[in-house]
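Here is a short note for a colleague who is opening this model for the first time. Please read the points in order, with the structure in view.

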2 protein chains.
Amino acid sequence: MNKVILLKKRPAGKPTLADFEFTSAAIPVPPSGHVLLKALYVSVDPYLRGRMNDAKSYVPSFQVGQPIQSGIIAQVADSKHATFKKGDFVSGNLQWMQYQVSDGKGLIKVDDKVSPLSSYLGVLGMTGLTAYLGLTEIGIPKPGETLVVSGAAGAVGSVVGQIGKIYGCTVVGITGSDEKAELLKSKFKFDHAINYKTKHDLKSAVRSACPNGVDIYFDNVGGEISDAVLANINKHARLPVCGAISMYNETKMPMGPRLQPLLLTKSATMTGFIVSDFSTKFPEAFNQLALWLKEGKLDYVETIVEGFENIPQAFIDLFDGKNQGKMIVKI
Amino acid sequence: MNKVILLKKRPAGKPTLADFEFTSAAIPVPPSGHVLLKALYVSVDPYLRGRMNDAKSYVPSFQVGQPIQSGIIAQVADSKHATFKKGDFVSGNLQWMQYQVSDGKGLIKVDDKVSPLSSYLGVLGMTGLTAYLGLTEIGIPKPGETLVVSGAAGAVGSVVGQIGKIYGCTVVGITGSDEKAELLKSKFKFDHAINYKTKHDLKSAVRSACPNGVDIYFDNVGGEISDAVLANINKHARLPVCGAISMYNETKMPMGPRLQPLLLTKSATMTGFIVSDFSTKFPEAFNQLALWLKEGKLDYVETIVEGFENIPQAFIDLFDGKNQGKMIVKI
């Protein structure tokens with residue numbers, strides 16, 4: 001039997017289990033030039049929420065009644081393809097199905113002897129590339145500068161902070177629990193960590209943690225947390241916008257302070273991006289991340305949930321910040 | 001007698017004549033190494049409004065009871081300075097006084113045989129440099145792209161649009177009267193001009209004028225006009241923020257749609273700037289503007305008000321859009 005997860009209906013606000021449908025299909029037989037893939041690790045990511053809306057976004061919408069897709073590590077269970085042989089491990093943007101057929105396009109072989117398979121969804125995968133390229137291409141960190149990261153204990157944020165330290169920045173993380181704040185300082189060597197849930201005046205808390213002001217704000221969350229950081233930026237600040245998890249479930253247009261006067265006063269630049277904007281730089285970025293990982297300069301945590309049937313709940317839990325680092329479902 | 005204009009009190013909201021004080025002083029005698037300057041043309045600019053607040057901005061605040069400063073073209077009336085001789089014309093950031101002494105720092109000689117003196121406050125002055133450098137360094141125009149300019153009939157906007165045409169863009173201007181809209185098309189060769197005061201649905205009006213979407217939005221105004229343009233931006237749009245005249249007189253924090261989700265979806269970049277951010281490029285920018293002017297590729301209009309005592313009113317009139325092109329007071 002082959003289990004499949006479909007988008008049952010478009011979520012209104014925060015997603016619920018009722019938005020997903022479990023079904024089953026026969027295990028397909030790969031035609032010539034194709035492989036049969038068995039899913040091993042499934043990545044769940046906040047940006048998938050945008051694809052569940054029927055709105056133009058940077059990636060096409062999921063269709064109701066069709067399987068959802070995300071980053072998946074799979075093993076080749078059967079091969080009629082010249083490049084891939086049975087037993088190979090691959091990474092790809094695949095469907096939420098236990099078994100599926102692929103023509104090999106977009107599949108990348110990964111090596112479990114170099115790094116654990118799940119890491120190819122995180123620090124050596126799209127989230128690591130997002131952190132590295134967003135920070136270096138837009139943030140442009142310089143020694144002695146102050147870098148603030150929101151969603152700091154998440155998959156991207158925890159890597160951003162560590163890269164900031166490698167570049168010689170003072171790094172401040174904003175996160176949603178004391179436990180995560182402690183993790184940022186102990187495991188990821190952040191200089192300061194702020195639990196925004198315990199600060200009634202986050203703007204002042206950021207100012208205290210950043211006595212020289214904020215030169216780079218790597219924004220994963222948006223909303224009032226970002227307002228508090230932006231109130232502390234320096235002249236010529238760089239503001240990569242990687243995510244806006246606080247707004248993904250909004251059903252009305254989110255309102256806030258107009259940014260233009262601030263950007264004008266500070267000669268600051270705010271840039272939204274998606275990792276594929278920098279796809280020509282993926283090979284060099286991957287090599288740099290793999291080297292840092294090998295040298296022990298990068299560390300990572302994963303929140304691994306077991307069981308194909310738990311994929312939707314793991315996805316929903318992202319919006320309550322239940323993950324530390326990369327959220328992954330092990331099949 | 002030497003007339004002087006002081007900041008009497010900090011304006012609350014829109015400036016009024018009561019915020020300014022006229023006084024007089026003796027005509028000073030220049031000490032050794034100094035010149036006596038007689039003001040000929042005084043530039044009034046929206047950004048001066050920010051300097052009238054007691055708030056940190058990109059330039060220091062004016063002090064109550066002290067003269068206001070802006071760009072001024074003056075003639076050397078007496079010289080004890082090696083570089084400047086009596087009769088020379090100079091441009092500088094000077095005080096609102098008929099006569100003043102200068103040690104020569106920051107003064108630039110200007111030549112009335114090359115271009116009319118007043119043009120050194122506009123198309124060949126700070127506003128021309130602002131237009132050229134903001135558009136080329138941040139907007140990065142490419143042939144075939146669509147450029148939208150707000151405040152399009154103003155000193156900066158009218159130059160931005162013409163440079164956009166030189167770079168091969170389709171240029172759309174937004175302005176506040178049918179007369180100005182006509183000027184943009186007839187004199188400045190804009191492809192389209194929109195009078196925002198007669199459009200109840202500005203977002204749709206921008207969409208109609210920009211069927212291929214907006215690649216560059218050169219923003220002089222902020223507020224709801226900018227909301228309407230931003231709703232039409234393309235992937236990888238560049239958004240130089242040069243001014244926010246619609247917000248300069250606000251007494252509360254202006255609120256609007258949060259921009260991060262839009263910038264994220266479009267991989268767009270919004271950058272505030274002040275012309276001095278690009279000061280190393282002033283010589284090449286000036287030469288380019290002077291060449292285009294000589295070749296007839298650039299045109300300009302000025303609104304010239306006569307009389308020293310009319311400086312404050314000319315400044316106030318900027319916020320009602322009473323100027324076409326550069327607003328200048330001739331002494």
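Predicted model: local features only at pLDDT ≥ 70, side-chain atom pairs only at ≥ 80, totals over all residues.

1. The contact between the chains draws 30 residues from chain B and 30 residues from chain A. On the side of chain B that touches chain A, the elements giving two or more residues are strand 13 (255-257), helix 7 (260-266) and strand 14 (269-272) of chain B, and the largest share, six residues, is that of helix 7 of chain B. Sorted by class, this side of chain B holds 16 nonpolar, 10 polar and four charged residues.

2. The same surface serves both copies, since 100% of the contact residues of chain B recur in chain A.

3. Inside chain A, the domain assignment gives domain 1, which covers 2-122 + 301-330, and domain 2, which covers 126-276. The centres of domain 1 and domain 2 of chain A, taken over C-alpha atoms, are separated by 28 Å.

4. The contact between these domains takes 17 residues from domain 1 of chain A and 17 residues from domain 2 of chain A. On the side of domain 1 of chain A that touches domain 2 of chain A, the classes are six nonpolar, eight polar and three charged residues.

Definitions and conventions. Residues numbered from 1 in each chain as written. Chains lettered and ligands numbered in written order. Contact = placed C-beta atoms within 7 Å. Helix = DSSP H or I, 4+ residues; strand = E, 2+ residues; numbered from the N terminus. Nonpolar A, V, L, I, M, F, W, Y, C, P; charged D, E, K, R; others polar. Domains from an automatic or database assignment.
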